[in-house]
Every structure is written in structure tokens, then in C-alpha cells.
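Dear colleague,

I am handing over the structure below, together with an account of what was found in it. Please read the text alongside the coordinates.

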Amino acid sequence: MAYCGDSQFTIRIDRLHTGEIRYLCWHKSNSILAKPNLILRNGKIKESDEGLATEYEFHYKECTYTVEQLRSEDGQSDLFFVEVTDKDQKKSTWKMEQMSIPKYLI
């Protein structure tokens, strides 16, 4: 569904065979073959009417994790924005870039 990263994190969002949406996050210093640093489950998906944006939302403790995927015209350079909102409504946002899924994960 989504695979993106920046200089600090690698994030993968996938759909399990049960239909559940899952968020996996690794610190860049770790391989994606290692156990993720954070796993969030039971995500929700919101699609824009035009199909140009998708929002994935996950809840963990008192925080909301939102990943917004903005589709590019070529389909190869989507942009991603990851936002974490805490219980006091303080937000932290990271801009990520689309990454190619390694062949061993397909």
C-alpha cells in the first residue's frame, strides 16, 4: 500500500490477509528485515474524491498517527507526510518520499 522514508525513518503500510491495515516503522539505522521499532494496527483509510490523496490513520496510546499520501502524475514519486498528534493536540510532522519496495518483500 505505502512504502516511504526520510533520513530518520522507514515506514511501510500494508494490508494483512484479514483486511486489517498495519503501520510498521523502523529507525534508519535498522534493516527492514529486523523487527520494526513501532507496529500499529487497525488503521483506517480515507480516500479523496479525486483519488489523488489517501490518508491512513492509526491510534496508539494517546496519540494519533496519520500518513497522507499525495499521488504524483507519474506514480513513481508520491509524497508522504507523517503527522503524530499527542493528547494535548501538539503535532510533529515529517515529509517522506516514496521508496521502491525491495524485491524480497514482494
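Please keep in mind that the model is a predicted one. T10 lies in strand β2, and, when its neighbours within four places in sequence are set aside, its contacts are Y3, C4, G5, L24, C25, W26, K28, I32 and M99. With one of these residues, K28, there is also a polar contact, made between the side chain of T10 and the side chain of K28 at 3.2 Å. K61, by comparison, is 51 residues from T10 in sequence, and the two C-alpha atoms are 21 Å apart in space.

**The nonpolar core**

The largest nonpolar core has 18 residues, of which I11, I13, Y23 and F58 touch the most other members. At least two residues of this core come from each of the strands β1 (2-5), β2 (9-15), β3 (21-27), β4 (38-40), β6 (53-60), β7 (63-70) and β8 (79-85). As for F58, the residues that it touches, leaving out those up to four places away in sequence, are I13, I21, R22, Y23, L40, R41, G43, C63, T64 and Y65.

**The β5-β6 hairpin**

Strand β5 (residues 44-47) runs antiparallel to β6 and is joined to it by 4 bridges, with I45 standing opposite Y56 of β6. The two strands, β5 and β6, form a hairpin with 5 residues between them, and in the turn G51 has a positive phi of about 80°.

With kind regards

How values were computed: Residues numbered from 1 in each chain as written. Predicted model: local features only at pLDDT ≥ 70, side-chain atom pairs only at ≥ 80, totals over all residues. Heavy atoms only, no water. Core = buried A, V, L, I, M, F, W, Y, C linked by side-chain atoms within 4.5 Å. Buried < 20%, exposed > 50% of the residue type's maximum accessible area, 1.4 Å probe, protein only. Contact = heavy atoms within 4.5 Å. Pairing = 2+ DSSP bridges. Polar contact = N/O pair within 3.5 Å; in protein donor to acceptor, adjacent residues only side chain to side chain.
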